[in-house]
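The report below goes through a single chain and its ligands, moving from local backbone features to the core and the ligand shells. Please read it alongside the sequence and the coordinates.

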Amino acid sequence: MYEVRFHGRGGQGAVMAAQALAEAAVLEGYYAQAFPYFGAERRGAPVRAFARIDEDKISIKSQIYEPDMLVILDESLLDIEPVAEGLRSGGKVVINSTKTPEKVDLGVEVDCASVDATSIALETIKAPIVNTSILGAFAKIEDIIPLESILNAIMNRFGEKLGHQAGVMNSEAARLAYERTVVGRCRGTRKLVERMQWLPTWDELPPGTALPAKTIDGVDVGPGSAWQNFTGTWRTSSPRYLKEKCIRCLRCWFSCPEGCIDRLDDDYEKWDYRYCKGCGICADVCPVQAIEMIRGVHEW
Ligand code: SF4
Ligand code: SF4
């Protein structure tokens, strides 16, 4: 399995780059998949996209946490995200940068291809959409997919979607980038920035989406209209909570798709069975088997 993680900003075409790479892999006889992950969906916001390539059918559907290759469409992301996080030992990097690889500080020292993809994109397609330029650089450092297949995939994908001329211009961007890419080793002195995340403590556990609204620190945290859908009627198994085993890790609360787990001060947790659809996710994620799924529609 060969896995590529793309880091870009909304509007740079990271998703199309992942799709074109996957299509190129298929042209080479591989199985492949490509999909995006969006945060706040707006132009300029950090975006990730993923491509998996294998000789066999691919059944994994998760994001890519330990890529073989990182493709960075915007160098400034290194200052705000732990972009190099999880890169496999022996992994490689392609980066849109005006610097040579030796001057790029990624936080890990690895083989690196750098190319001024923004200038090439402005020169060829007259817009700072660097996705096809960066694929040319990919072909320079990685031989799993030859440039010719990448160019064909670009022609197919961009030609179909944006017209033949767009396919030609984007192919030209990739070809130019291939010629201008510099391959070397990047530096690993930078400390990776820490990923920002919100993790409530047990005492801050807010209500789930199916539970009544509460006001926390003056902010209304409410269920919207989810309370109208009694998803509990779907249930064929019911989660039973074993309080004495619970270590209060909150994994079940985070994972419940219906938000029907809430906290009681004395009894730790309670389930709102009107909304529990019996999917069993809470039991699956519990690290100490404090939830067991019992066949049938029950309430405890
Ligand atoms: S089985 Fe667990 S995860 Fe699934 S809806 Fe019920 S409480 Fe939530
Ligand atoms: S996942 Fe298990 S241990 Fe963690 S809070 Fe839920 S029931 Fe308790």
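## Backbone, core and ligand shells

Helix H2 is followed by Lys126, whose phi is positive, near 65 degrees; helices (H or I, at least four residues) and strands (E, at least two) are here DSSP runs, numbered from the N terminus. This is a predicted model, in which local features need pLDDT of at least 70 and side-chain atom pairs count only at pLDDT 80 or more, while totals for chains, interfaces and linings use all residues. Residues are numbered from 1 along each chain as its sequence is written, and chains are lettered from A and ligands numbered from 1 in the order in which they are written.

The pLDDT, the predictor's confidence in each residue from 0 to 100, averages 89 over the chain, and 89% of the residues score at least 70. Confidence is lowest in strand E9 (residues 219-221), with a mean of 64, and highest in strand E4 (residues 69-72), at 98. The secondary structure amounts to seven helices and 13 strands.

Most residues other than glycine have a negative phi, and most peptide bonds are trans. Lys126, although not a glycine, has a positive phi of about 65 degrees, and its place is in the loop between H2 and H3. Arg248, likewise not a glycine, has a positive phi of about 60 degrees and lies in the loop between strand E10 (237-241) and helix H6 (251-255).

Burial is judged by the number of other C-beta atoms, placed from the backbone, within 10 Å of a residue's own: 20 or more make the residue buried, 12 or fewer exposed, and counts in between partly exposed. On this scale, buried residues make up 40% of the 300 residues in the chain.

| Residue | Other C-beta atoms within 10 Å | Class |
|---|---|---|
| Lys126 | 9 | exposed |
| Arg248 | 14 | partly exposed |
| Lys191 | 7 | exposed |
| Asn96 | 28 | buried |
| Met69 | 26 | buried |

Which residues of helix H2 (residues 117-124) are buried? They are Ala117, Thr118, Ile120, Ala121 and Thr124, and because they cover an arc of only 165 degrees around the axis, they lie on the same side of H2; the arc is that of the directions from the helix axis to the C-beta atoms. These buried residues pack against strand E5 (92-96), strand E6 (111-115), helix H3 (131-141) and helix H5 (164-180), where two residues are in contact if their C-beta atoms, placed from the backbone, lie within 7 Å.

Asn96 has its place in strand E5 and, not counting residues up to four places away in sequence, touches Ile72, Leu73, Asp74, Glu75, Val115, Ala117, Thr118, Val130 and Ile134. Met69 is found in strand E4; leaving aside neighbours within four places in sequence, Met69 is in contact with Val4, Gly91, Lys92 and Glu142. Among contacts in the chain between residues at least 6 apart in sequence, 64% join residues at least 24 apart.

A nonpolar core is a set of buried Ala, Val, Leu, Ile, Met, Phe, Trp, Tyr and Cys residues joined through C-beta atoms within 7 Å. The largest such core has 65 residues, and those with the most contacts inside it are Ala17, Ala18, Leu21, Val71 and Ile134. Helix H1 (residues 14-27) supplies the largest share of this core, ten residues. Apart from this core lies another, of 14 residues, among them Trp271, Tyr275, Cys282 and Ile291. As for Leu21, its contacts beyond four places in sequence are with Val4, Ala34, Ala51, Leu135 and Phe138.

A residue is near a ligand if its C-beta atom, placed from the backbone, lies within 6 Å of it. Of the 13 residues around ligand 1, Cys256, Cys276, Cys279, Ile281 and Cys282 come nearest, and the shell divides into nine nonpolar, two polar and two charged residues. Here Ala, Val, Leu, Ile, Met, Phe, Trp, Tyr, Cys and Pro count as nonpolar, Asp, Glu, Lys and Arg as charged, and the others, Gly among them, as polar. The residues around ligand 2 include Cys246, Arg248, Cys249, Cys252, Cys286 and Ile291; by class, this shell has ten nonpolar, no polar and two charged residues.
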